[in-house]
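Hi,

Have a look at it first, and then read on for what turned up.

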Amino acid sequence: SFYPSTIEMPQVTVCNMNMFLKSQQERLNILEPRNDNEFRALTLDLDQFIFDTVFNDESVQNPSDFWHESLTSMGRCWDFRTDQGVQLPGIDGGLGFGK
């Protein structure tokens, strides 16, 4: 066939528009985090941020195998990485996720 059966899945990074949780800042009395642990304490964990991941039209059973934390100037972000290729075109193929 002229066309490949799969294409490489690029890394996808998703960040929360709210860098910190105000409720956590008040509860922990941390206005500005001084280290990575304080930074994490003020942000959402993966299971609080992305509730469902679908890849190649299949629900991902262990999202933490694919989503990796990334602390950036935009906040705590999550990178989706996989060695698996995209097998399906259109809305059913590739990556889908929800909150």
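A disulfide here is a pair of cysteine sulfur atoms within 2.5 Å. By that rule, the count comes to one disulfide.

Before the details, a word on where this comes from. The model is predicted, so local features need pLDDT of at least 70 and side-chain atom pairs count only at pLDDT 80 or more, while totals for chains, interfaces and linings use all residues. Residues are numbered from 1 along each chain as its sequence is written, and side-chain values use heavy atoms, with hydrogens and water left out.

**The disulfide**

The bond joins Cys-15 to Cys-77, with an S to S distance of 1.9 Å. Cys-15 belongs to strand β2 and Cys-77 to strand β6, so the pair ties together parts that are 62 residues apart in sequence. (Strands are DSSP runs of E with at least two residues, helices are runs of H or I with at least four, and both are numbered from the N terminus.) The torsion about the S-S bond of Cys-15 and Cys-77 is about 105 degrees, so this disulfide is right-handed.

Are the two cysteines buried or exposed? Cys-77 is buried, at a relative accessible area of 0%, whereas Cys-15 counts as partly exposed at 26%. For these words, buried means under 20% relative accessible area, exposed means over 50%, and partly exposed is in between, using a 1.4 Å probe and protein chains only.

**The sheet**

Strands β2 and β6 are also part of an open sheet of three strands, in the order β2-β6-β5, with antiparallel pairing. Its edge strands are β2 (12–15) and β5 (67–72), each of which pairs on one side only. Two strands are taken to pair if DSSP finds at least two bridges between them. From one strand to the next, the twist averages 30 degrees; axes are lines fitted to C-alpha atoms, for helices over the stretch in contact, and angles run from 0 to 180 degrees between N-to-C directions.

β5 and β6 (residues 75–80) are paired in the antiparallel sense over six bridges, and a hairpin of two residues joins them.

**A buried arginine**

Which residues does Arg-76 touch? This arginine sits in strand β6 and is buried, with a relative accessible area of 9%. Leaving aside neighbours within four places in sequence, Arg-76 has contacts (heavy atoms within 4.5 Å) that include Cys-15, Asn-16, Thr-43, Glu-69 and Leu-71. The side chains of Arg-76 and Asp-45 are joined by a polar contact of 3.1 Å, and a polar atom of the Arg-76 side chain lies 3.2 Å from the backbone oxygen of Leu-44. A polar contact is a pair of N or O atoms within 3.5 Å; within protein, one must be able to donate a hydrogen and the other to accept it, and residues adjacent in sequence count only if both atoms are side-chain atoms.

Leu-71, in strand β5, is partly exposed at 31%. Apart from residues within four places in sequence, Leu-71 is in contact with Asp-36, Phe-39, Arg-40 and Arg-76.

**The nonpolar core**

The largest nonpolar core has 13 residues, and Phe-49, Phe-55, Trp-67 and Phe-80 touch the most other members. α3 (46–49) and β6 each supply at least two residues of this core. A nonpolar core is a set of buried Ala, Val, Leu, Ile, Met, Phe, Trp, Tyr and Cys residues joined through side-chain atoms within 4.5 Å.

**Two positive phi values**

Most residues other than glycine have a negative phi. Asn-56, in the loop between β3 (52–55) and β4 (58–59), has a positive phi near 55 degrees. Asp-57 is placed in the loop between β3 and β4 too, and has a positive phi of about 65 degrees. Asn-56 is buried at 8% relative accessible area, whereas Asp-57 is partly exposed at 47%.

**One more buried charge-bearing name to look up**

Glu-38 is found in helix α2 (residues 36–41) and is buried, with a relative accessible area of 13%.

Best wishes
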